[in-house]
Amino acid sequence: MIEHLTIRANGAAFHVARIGAGPPLLLLHGWPEFWLSWEPVMTRLSDRYTLLAPDLRGFGDSDVAPDGFGDVASHSRDLAALCDALGVRRAVLVGGDLGGAVIQDFALRFPERVERLVLFNSPLPYLKEKMAGMRTRPAAEASDYFMRQGTEADALARELDTPEKRRRYIAAFYGSRFWAHPGAFIREAVDFMTEPFADGAKLRAGFAGYESVFDPKKRSELPVLGENPSAQALILFGTSDHVLYPEFDRMAAAVFPDHVGPFLVRDAGHYLQWEAADVLNGAIRSFCRDLVKR
């Protein structure tokens with residue numbers, strides 16, 4: 001059974017879902033998500049791993065950070081503090097979307113704490129020479145949300161002035177915006193996924209990561225993102241994703257020269273841990289099998 005912990009770290013209270021026993025896997029969600037998107041992974045891998053899924057600062061049941069930051073670097077330092085509090089010295093990091101950016105930063109910032117990485121459908125650093133000729137820009141028609149959340153966050157939050165409006169806004173990212181494969185989320189699942197964002201403070205806090213892309217004052221410090229030749233990475237790509245780079249798989253392989261894959265996952269998009277849990281779980285079991293034996 002999944003247990004729910006409240007862990008104090010970096011001056012805030014964080015919710016962490018935990019299940020299982022064995023080598024630790026840290027599961028980092030993206031936007032607009034919280035720990036629940038990992039449930040299909042947690043319940044099916046708990047026979048051999050300890051699964052830890054925190055709500056990032058400002059998401060789910062975790063506090064909005066008192067310092068007001070929500071950039072990649074602040075999430076990465078939160079993760080280090082949570083590892084200390086949980087007694088996790090070294091772990092496999094799994095992430096997509098914002099969580100994918102966080103684990104990339106963490107792997108360069110704290111390499112001694114990283115066993116290996118599992119990365120899917122995530123922002124990536126741009127490596128000019130290695131990515132020459134690749135399709136590295138998302139579709140322009142999918143970027144309007146990014147600009148508004150990054151440059152007009154307060155105005156957008158004022159427009160979304162009721163819980164119903166906020167939940168409808170978030171629901172679009174599970175449906176009409178085609179981040180996910182069509183039909184991947186039934187109505188009941190969307191209701192679960194949007195529930196935390198009915199809280200106006202939590203929705204506004206989630207925009208902070210986007211603001212940090214445009215405004216240096218919104219960054220706690222510079223992120224550490226770039227090529228990582230040291231970390232071993234398993235790379236997967238849900239190809240129905242309409243918001244990410246068309247050649248995420250090739251780009252990620254350039255960022256992580258020591259990689260397994262990339263594997264293209266059919267009939268799945270941005271939320272691979274929910275849309276194609278069996279595929280992801282099987283890949284993780286194979287990629288990390290030696291850790292269990294060890």
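Helices (H or I, at least four residues) and strands (E, at least two) are DSSP runs, numbered from the N terminus. This is a predicted model, in which local features need pLDDT of at least 70 and side-chain atom pairs count only at pLDDT 80 or more, while totals for chains, interfaces and linings use all residues. Residues are numbered from 1 along each chain as its sequence is written, and side-chain values use heavy atoms, with hydrogens and water left out.

## Backbone features

Pro 32 sits in the loop between E3 and helix H1 (39–45). The peptide bond that joins Trp 31 to Pro 32 is cis, with omega about -5°. Gly 261 and Pro 262 are also joined by a cis peptide bond, with omega about -5°. Pro 262 belongs to strand E8 (residues 259–265).

Two residues carry a positive phi. Asn 10 has a phi of about 55° although it is not a glycine. Its place is the loop between strand E1 (3–9) and E2. Asn 10 counts as partly exposed because its relative accessibility is 42%; buried means under 20% relative accessible area, exposed over 50%, and partly exposed in between (1.4 Å probe, protein chains only). Asp 267, also not a glycine, has a positive phi near 55°. Asp 267 lies in the loop between E8 and helix H11 (272–275).

## Helix pairs

Axes are lines fitted to C-alpha atoms, for helices over the stretch in contact, and angles run from 0 to 180 degrees between N-to-C directions.The axes of helix H2 (residues 72–86) and helix H3 (residues 97–109) come within 9 Å and cross at roughly 65°. H2 is therefore roughly perpendicular to H3; angles under 35 degrees count as roughly parallel, over 145 as roughly antiparallel, 65 to 115 as roughly perpendicular and the rest as oblique. The crossing of H2 and H3 is right-handed. A crossing is right-handed if the near helix is turned clockwise from the far one by less than a right angle, and left-handed if anticlockwise.

On the H2 side, the contact uses Val 72, Ala 73, His 75, Ser 76, Arg 77, Leu 79 and Ala 80. They meet Leu 98, Ala 101, Val 102, Asp 105, Phe 106 and Arg 109 of H3. Contact means heavy atoms within 4.5 Å. By class, the residues of this H2 and H3 contact are eight nonpolar, two polar and three charged. Ala, Val, Leu, Ile, Met, Phe, Trp, Tyr, Cys and Pro count as nonpolar, Asp, Glu, Lys and Arg as charged, and the others, Gly among them, as polar.

Helix H6 (residues 163–171) and helix H7 (residues 187–194) have axes that come within 9 Å and cross at roughly 115°. The H6 and H7 crossing is right-handed. Arg 167, Ile 170 and Ala 171 of H6 make the contact with Val 190, Asp 191 and Thr 194 of H7. The contact of H6 with H7 has three nonpolar, one polar and two charged residues.

## Buried positions

In helix H12 (residues 277–287), the buried residues are Ala 277, Leu 280, Asn 281, Ala 283, Ile 284 and Phe 287. They lie on the same side of H12 because they cover an arc of only 165° around the axis. The arc is that of the directions from the helix axis to the C-beta atoms.

Leu 236 lies in strand E7 (residues 233–238). Leu 236 is buried, with a relative accessible area of 1%. Leaving aside neighbours within four places in sequence, the contacts of Leu 236 include Val 118, Leu 119, Phe 120, Phe 248, Leu 272 and Val 279. Leu 280 and Ala 283 are also among the residues that Leu 236 contacts.

Ser 212 is in helix H9 (residues 208–214). Ser 212 counts as buried because its relative accessibility is 9%. Not counting residues up to four places away in sequence, Ser 212 touches Asp 71, Lys 218 and Arg 219.

## Pro 23 and C-alpha separations

Pro 23 is placed in the loop between strand E2 (12–20) and strand E3 (24–28). Not counting residues up to four places away in sequence, Pro 23 touches Arg 48, Tyr 49, Thr 50, Leu 291 and Val 292.

Some C-alpha separations follow.

| Pair | Apart along the chain | C-alpha separation |
|---|---|---|
| Pro 23 and Ala 254 | 231 residues | 28 Å |
| Leu 236 and Pro 138 | 98 residues | 17 Å |
| Ser 212 and Asp 78 | 134 residues | 17 Å |
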